[in-house]
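Hi everyone, and thanks for making the time. Please bring up the sequence and the model, and we will walk through them together.

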Amino acid sequence: MGRRQVRRVLGRYGAAGALIQNIRGEVLLQLRASWCHHPGTWGIPGGARESGESALGAALRECREEHGFPVDDLTVIGEHTLDLGYWSYVTFVARYPGEWPVSIRTAEADDARWIPLASMPLLPLHPGLAGTWRHLREILQTS
């Protein structure tokens with residue numbers, strides 16, 4: 001019998017994040033700190049869900065905590081779920097109607113910035129983001 005491969009996952013109740021696009025069409029990414037899982041890769045604001053917390057609630061909370069982002073101004077245009085059966089990560093795709101100046105309020109990120117979509121293939125992306133980028137880009141382009 002083969003062994004089932006189990007991925008290392010974050011959060012007992014699953015996790016969630018937000019891919020946010022600004023008025024110029026750029027997306028907000030953060031560079032993961034050297035001590036984090038997959039250091040030196042670019043990912044989206046996100047993290048573990050708390051007990052009883054919705055996936056959207058977790059994604060918005062993480063955006064506020066990690067960057068002080070004004071989440072009340074976001075419009076969610078789609079979502080993608082990576083479902084492993086025992087755990088899931090929900091990525092919400094959202095638009096922000098302005099050019100909010102990025103700040104970092106977490107030790108989990110060494111950098112954060114608005115990235116043009118054309119630059120995405122040139123970056124070392126977090127494997128989770130890289131694996132879902134085709135789906136997320138499609139949401140951005142069709143919504």
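Let me start with a definition: helices (H or I, at least four residues) and strands (E, at least two) are DSSP runs, numbered from the N terminus. A word on the source: this is a predicted model, where local features need pLDDT of at least 70, side-chain atom pairs count only at pLDDT 80 or more, and totals for chains, interfaces and linings use all residues. Residues are numbered from 1 along each chain as its sequence is written, and side-chain values use heavy atoms, with hydrogens and water left out.

Now the overall picture. How many helices and strands are there in the protein? There are two helices and seven strands, and along the sequence they come in the pattern β-β-β-β-α-β-β-β-α. The radius of gyration is 15 Å, close to the 15 Å that the globule rule gives for 143 residues, so the protein is as compact as a globular protein of that length. That radius is taken over C-alpha atoms, and the globule rule is 2.2 Å times the number of residues to the power 0.38. Along the principal axes, the C-alpha atoms fill a box of roughly 55 × 35 × 35 Å.

Next, the surface and the inside. The accessible surface comes to about 7900 Å², and 50% of it belongs to carbon and sulfur atoms. Areas like this come from the Shrake-Rupley method with a 1.4 Å probe, and for residues only the protein chains shown count as cover. Of the 143 residues, 45% are buried. Here buried means under 20% relative accessible area, exposed means over 50%, and partly exposed is in between (1.4 Å probe, protein chains only).

I will also talk about contacts, meaning heavy atoms within 4.5 Å. Among contacts between residues at least 6 apart in sequence, 68% join residues at least 24 apart.

Let's visit some residues, starting with strand β6, which covers residues 88–95. Ser88 lies in this strand and is buried, at 17% relative accessibility. Leaving out residues up to four places away in sequence, Ser88 touches Gly14, Ala15, Thr81, Leu82 and Asp83. Val93 is in strand β6 too, and it is buried at 0% relative accessibility. Not counting residues up to four places away in sequence, the residues that Val93 touches include Leu19, Val76, Ile77, Leu136 and Leu140. Between Val93 and His80 there are 8.1 Å in space, C-alpha to C-alpha, and the two are 13 residues apart in sequence.

Is Leu82 buried or partly exposed? Leu82 is partly exposed, with a relative accessible area of 27%. Leu82 and Arg61 are 21 residues apart in sequence and 20 Å apart in space, C-alpha to C-alpha.

Over to strand β1, residues 15–21, where we find Gln21. Gln21 counts as buried at 7% relative accessibility. Setting aside neighbours within four places in sequence, Gln21 is in contact with several residues, among them Val27, Ala94, Tyr96, Trp114 and Leu140.

Tyr96 also comes up with Phe69. Where is Phe69 found? Phe69 is in the loop between α1 (55–67) and β5 (75–83). Although Phe69 sits in a loop, it is buried, at 1% relative accessibility. Leaving aside neighbours within four places in sequence, its contacts include Ile20, Leu28, Cys63, Tyr96, Trp100 and Trp114.

Now a word about backbone angles. Most residues other than glycine have a negative phi, and most peptide bonds are trans. His38 is not a glycine, yet it has a positive phi of about 60°. His38 lies in the loop between β2 (27–32) and β3 (42–43), and it is partly exposed at 29% relative accessibility.

And the cysteines? A disulfide is a pair of cysteine sulfur atoms within 2.5 Å, and the structure holds zero of them. For Cys36, the nearest cysteine sulfur is that of Cys63, 16 Å away. Cys36 is buried, with a relative accessible area of 10%, and Cys63 is buried as well, at 1%.
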